Amino acid sequence: MTVHFPFDNTYTRLPERFFARLTPTSVTAPRLIRLNRDLALQLCLDPDRLSSPEGVALLSGNRVPDAAEPIAMAYAGHQFGQFVPQLGDGRAILLGEVVDQNGIRRDIQLKGSGPTPFSRRGDGRAALGPVLREYLVSEAMAALGLPTTRALAAVLTGETVVRETPLPGAVLTRVASSHIRVGTFQFFAARQDVEGLRLLADYVIGRHYPQAAESDRPYHALLDQVIAAQADLIARWLHIGFIHGVMNTDNMSIAGETIDYGPCAFMDAYDPATVFSSIDQHGRYAYGNQPRIGLWNLTRLAETLLPLLSEDQEKAVREASEALEAFSSKFEAAYHAGLRRKLGLLTEREDDPTLAGDLLKAMAENQADFTLTFRRLSDAAAGSEADEAVRNLFINPLAYDAWAARWRERLTQEPQDAATRRAAMRAVNPAYIPRNHRVEAVIQAAVERDDFAPFEELLMVLSQPYEDQPASAHYAEPPEPHQRVYRTFCGT
């Protein structure tokens, strides 16, 4: 049974200094954990053939598909504020590009497929736990409606990787609009390779932002559009309580997708200072810091583009500064528009940001669960008889009562009826997110008992985050004190 990938590779047409050509390292005994059949069909791939022994050989790196041009991409990056001039794909190999059913070009990459010239003494492998975490969280993000990389498949390698302890090895097949990062631009800027920067910028414009080519200042337009995409993406992260965990510049996608799900997590109780990543000891990438860090990263991107913006250094800096100044207003507009939708406000009033901010403040002071508060507000919007379910989430229920009186007064200024409002709120306030204690339980079952039934069950629940699922209602509940997971770990 032949597996055909309709590759049409464009990144490999760039100069050789953009990447290293190599093949994945074979593994001992590949076994398919899961294939994302719906995504395979979107990519014009045959899921039955991908599930066959030949398909599993391709998904594990034991065979290279016809027309693939496997490469490890070069990039640099700021990691926790410190610049590293060469990073690159240290355990990932890009097989090639396909054009999906919607005409969108998508990368297909193997993650955990062996060492590359960028591995920096690493083994180039991935442990099962991080592969399952990325599969679950990236697919949950897609179901929630956020721009994200996707998971096509997860495969056990039959080999052991050694981290703090020996762990089962695995390979994730990741799909992205591209794997180009802010750090990709930094790689060429660090080498003062202006020709490389221009080739990269032209490639990104052609692939992701073709409308920028129509501007009389195409590189300025490119910067504007990347800033707008990231402002919108980060606002949407905050709307669902998502914490990326490691917002280094090499983990920021130029395409505006969420990428590199390492020590990521979703908040339970609302607290802007929430940090999960075990390596983020000073809270640089805390939930509430993500907009500030997003702007910091985009500033690093703007610095790389200065030679393309103008030959006059001062003029280039002015242009870059003008573009960056728009980030805050774009983010605030997207963030507050999303909060209005979460509160059932379809019209705009001057005091709406204060109303939303006061709810968040009360939630933080009363350790109210972020996801459940907004989900239950959706029912409370239809009538005060549902208030009790929201009040119970607050240490001091009177704090909710005081705010709810103002909210109900504001709702009287809205044109829609209660049923319409409730439906609109339930469409943006999920009941199910990949809560950290659930993800960790799934990983534990798989790693310790080779039991993937919990993984399959959680994945199914997360595929319909906005729907009531009575048989799975317990997945919506926050963790009990003894179930709380306070630290997540990087996938390397």
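This is a predicted model: local features need pLDDT of at least 70, side-chain atom pairs count only at pLDDT 80 or more; totals for chains, interfaces and linings use all residues.
| Helix pair | Axis separation | Crossing angle |
|---|---|---|
| α10 (residues 352–365) and α13 (residues 397–411) | within 10 Å | roughly 160 degrees |
| α8 (residues 290–309) and α9 | 9 Å | about 155 degrees |
| α6 (residues 194–208) and α8 | within 10 Å | roughly 100 degrees |

**Helix α9 and its ends**

Start with α9, which covers residues 313–342. The helix has 30 residues. From its first C-alpha to its last it reaches 44 Å, close to the 44 Å expected at 1.5 Å a residue.

What caps the N-terminal end of α9? Asp 312 does. One of its side-chain oxygens lies 3.0 Å from the backbone nitrogen of Glu 314. Beyond the other end, Gly 344 follows α9. The phi of Gly 344 is positive, near 80 degrees.

**α8 against α9**

Helix α8 packs on α9 at an angle of about 155 degrees. Angles over 145 degrees count as roughly antiparallel, so α8 is roughly antiparallel to α9. Their crossing is right-handed.

Which residues meet here? From α8 come Pro 291, Gly 294, Leu 295, Leu 298, Thr 299, Ala 302, Leu 306 and Leu 309. From α9 come Gln 313, Ala 316, Val 317, Glu 319, Ala 320, Leu 324, Phe 327 and Phe 331. By class, this contact has 12 nonpolar, three polar and one charged residues.

**α6 against α8**

Helix α8 also packs with α6. Here the axes cross at roughly 100 degrees. Angles of 65 to 115 degrees count as roughly perpendicular, so α6 is roughly perpendicular to α8.

On the α6 side, the contact uses Val 194, Leu 197, Arg 198 and Ala 201. On the α8 side, it uses Thr 304, Pro 307 and Leu 308. Five of the residues in this contact are nonpolar, one is polar and one is charged.

**α10 against α13**

Is the crossing left-handed or right-handed? The crossing of α10 and α13 is left-handed.

Helix α10 brings Asp 352, Thr 354, Leu 355, Asp 358, Leu 359 and Ala 362 to the contact. Helix α13 brings Ala 399, Trp 403, Arg 406, Trp 407 and Arg 410. The contact residues divide into six nonpolar, one polar and four charged.

**Positive phi in two loops**

Two loop residues deserve a look. Ala 67 is not a glycine, yet its phi is positive, about 70 degrees. Ala 67 sits in the loop between α3 (53–60) and β3 (71–73).

Where is Gln 367 found? Gln 367 lies in the loop between α10 and α11 (370–380). Its phi is positive too, at about 55 degrees, although Gln 367 is not a glycine.

Terms used:
Residues are numbered from 1 along each chain as its sequence is written. Side-chain values use heavy atoms; hydrogens and water are left out. Axes are lines fitted to C-alpha atoms, for helices over the stretch in contact, and angles run from 0 to 180 degrees between N-to-C directions. Helices (H or I, at least four residues) and strands (E, at least two) are DSSP runs, numbered from the N terminus. A crossing is left-handed if the near helix is turned anticlockwise from the far one by less than a right angle, and right-handed if clockwise. Contact means heavy atoms within 4.5 Å. Ala, Val, Leu, Ile, Met, Phe, Trp, Tyr, Cys and Pro count as nonpolar, Asp, Glu, Lys and Arg as charged, and the others, Gly among them, as polar. The expected span of a helix is 1.5 Å times one less than its number of residues. A polar contact is a pair of N or O atoms within 3.5 Å; within protein, one must be able to donate a hydrogen and the other to accept it, and residues adjacent in sequence count only if both atoms are side-chain atoms. Angles under 35 degrees count as roughly parallel, over 145 as roughly antiparallel, 65 to 115 as roughly perpendicular and the rest as oblique.
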